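Biologist: I would like to go through this model one feature at a time. Please give me the general idea before each case.

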Amino acid sequence: MVTRPEPDISAFLKARRAALDPAGLGLPAGVNRRRVPGLRREEAAQLAGISVDYYTRIEQGRTPNISDSVLDAVARALRLTDSEYAYLRDLTLPGRRTPTTGTGTGTTGSQQVRQGIRLLIDAMEDVPAYVCSVAMDVLAWNTLGGRITYDFAALEPRERNLARLYFLDEEQSRSLYPEWEAGGEYMAATLRADVGRHPDDPALSALIADLLEHSAQFRRCWDQQHVRGLCYGVKHITHPVAGELWLHYESLPLPSDPGQTLVTFTAEPGSPTEKALRLLATRATPQPVPSP
């Protein structure tokens, strides 16, 4: 039986309090020396405009019905980002959590990629692209998408998981990603946001449990309680054939296919990365992508 990585509001709010600088928020240093970094509970309550007792009960998960106004006040007091605020709402208001669509497969959404999406990514010959699930399983990819990092076609279906490859095949992932530590923190923060939205997804729960058991680096990143939304950014890759790549990535949820995300990578026009991708495309032999 897989142990669920239940979201912990206490650990999350404590971590967010500890990350704040009281002096930067205009709070006095106080007479007594601080035993721990960050804000005290009473200071967080003061900034939120609520009683210390009420804030304590929120942090301990003993308030099942919290109003939007109080959540807003706590989020402002702790300087939460949009992703962190969405995660807090998921923890405190499960009725308003991002809906999970069941398909009878025991996973969030479907593992089957529609033919139209497959045709779309195949038509993007100069753009690396793949489709992944909530649990970061790679479900489909085009030729370049299967070559810019891992050779998905050469892997068994269970091994085609971005998080497992990143944390459990450390030697290869370190060689691919120069900023490996920072990338791991971002990936763990993205998975935490997903767990908040989909706490009942068995594939996601199994992934987190597996990573916690087998990767010390993931445990360190997970314990930081960071939350990030996976949307867009720039990825730095050191490719064994194409060399150094700087790619803009976009993560596009597929509205008609809940739980699936299309990820694309593009290079600046005229850049060395664009030229490297063209070289990689000429060396990459198109391979049929097996159906899950």
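Modeller: Start with strand pairing: two strands pair if DSSP finds at least two bridges between them. Strands (E, at least two residues) and helices (H or I, at least four) are DSSP runs, numbered from the N terminus. Here S1 and S2 run antiparallel and are joined by three bridges. This is a predicted model, in which local features need pLDDT of at least 70 and side-chain atom pairs count only at pLDDT 80 or more, while totals for chains, interfaces and linings use all residues. Residues are numbered from 1 along each chain as its sequence is written, and side-chain values use heavy atoms, with hydrogens and water left out.

Biologist: Which residue in S2 is the bridge partner of Tyr-130?

Modeller: Trp-141 is that partner. The hairpin of S1 and S2 has four residues between the strands, and Met-136 takes a positive phi near 65° there. In total the protein chain holds twelve helices and five strands.

Biologist: How many aromatic pairs are found in the whole structure?

Modeller: Rings of Phe, Tyr and Trp (its six-membered ring) pair if their centres lie within 6.5 Å; planes under 30 degrees apart count as stacked, over 60 as edge-to-face and the rest as tilted. The search finds nine such pairs. One of them is Phe-12 with Tyr-87, edge-to-face, at 4.9 Å centre to centre and 75° between the planes. Phe-12 belongs to helix H1 (residues 9–18) and Tyr-87 to helix H5 (residues 82–92), so this pair ties together parts 75 residues apart in sequence.

Biologist: Are Phe-12 and Tyr-87 buried or exposed?

Modeller: Buried means under 20% relative accessible area, exposed over 50%, partly exposed in between (1.4 Å probe, protein chains only). Phe-12 is buried at 0% relative accessibility, and Tyr-87 is buried at 1%. Another edge-to-face pair is Tyr-130 with Phe-152, 5.9 Å centre to centre and 85° between the planes. Tyr-130 is in strand S1 (residues 129–133) and Phe-152 in the loop between strand S2 (138–141) and helix H7 (162–168), 22 residues apart. Both are buried. Of the 292 residues in the protein chain, 46% are buried.

Biologist: Which residues do ring pairs link into a cluster?

Modeller: Tyr-166, Phe-167, Tyr-177, Trp-180, Phe-218 and Trp-222.

Biologist: What sits over the ring of Trp-222?

Modeller: A charge sits over a ring if NZ of Lys or CZ of Arg is within 6 Å of the ring centre and within 35 degrees of the ring normal. For Trp-222 it is the charged end of Arg-192, 3.9 Å from the ring centre. Lys-235 lies over the face of Tyr-249, 5.1 Å from the ring centre.
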